[in-house]
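I opened my notebook for a friendly look through this model. Here is what I looked up, entry by entry.

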Amino acid sequence: MEFEDIHTETLFENIQEILNNYDRYKKAVKRASDISKTQMMSPRDTAVWWVEYLLKADGNVSHLQPEYWHLTWYEYFGLDVYLVIFSPVILALYGLYRLVLTINRRWSNGKLKSE
C-alpha cells in the first residue's frame, strides 16, 4: 500500500483483509520475526569473541572507529561541499551586482551631464 493511495475506503478494505485472513498474516509476521531473531552465536559467545578479539589486537581497534571521527569540523558539517556548490552562484550574483552598479552609475552620470 503506497502512501499516496491511502484513502478511507482502501484503508478500510485492507484492515478487513487482515482481519478476515488473520491466520495467514499471523504466520507471515511470525516467520519474519523468527528470521530477524536468528543469531549465529549466543550473546555470551559473542561477548567472548569480542574480548578475545581485543586481546589478539592488543587493544588497538582504531580500524573499527567510524571515519567521521577523523574529519575536521568543516568536513563534518559539510561546509566544504557547500562552499564548492554555492561559490559559483555567489560569485555570479556578486558579478551581476557589480555590473548593475556600473551601468547604474554610468547611466546616472550621463543623465546628470546632459541636464
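I began with helix H1 (residues 8–20) and helix H2 (residues 22–37), whose axes come within 5 Å and cross at roughly 85°. Helices here are DSSP runs of H or I with at least four residues, numbered from the N terminus. I took axes as lines fitted to C-alpha atoms, for helices over the stretch in contact, with angles from 0 to 180 degrees between N-to-C directions. H1 and H2 are therefore roughly perpendicular, the word for 65 to 115 degrees.

Next I checked who touches whom, with contact meaning heavy atoms within 4.5 Å. Glu17, Ile18, Leu19 and Asn20 of H1 meet Tyr22, Arg24 and Tyr25 of H2. I sorted the residues of this contact into four nonpolar, one polar and two charged.

A note on ground rules: this is a predicted model, where local features need pLDDT of at least 70 and side-chain atom pairs pLDDT 80 or more, while totals for chains, interfaces and linings use all residues. Residues are numbered from 1 along each chain as its sequence is written, and side-chain values use heavy atoms, without hydrogens and water.

I then tested helix H3 (residues 43–56): its 14 residues at 1.5 Å each should span 20 Å, and the end C-alpha atoms are 20 Å apart, so the two agree. The expected span is 1.5 Å times one less than the number of residues. Just after H3, I found Asp58 with a positive phi of about 55°.

Last, I read the unreviewed UniProt entry, which annotates residues 81–101 as "transmembrane region"; such annotations may be inferred rather than shown by experiment. In the model, that span is 100% helix and 0% strand, with its end C-alpha atoms 30 Å apart.

Notes:
Helices (H or I, at least four residues) and strands (E, at least two) are DSSP runs, numbered from the N terminus. Angles under 35 degrees count as roughly parallel, over 145 as roughly antiparallel, 65 to 115 as roughly perpendicular and the rest as oblique. Ala, Val, Leu, Ile, Met, Phe, Trp, Tyr, Cys and Pro count as nonpolar, Asp, Glu, Lys and Arg as charged, and the others, Gly among them, as polar.
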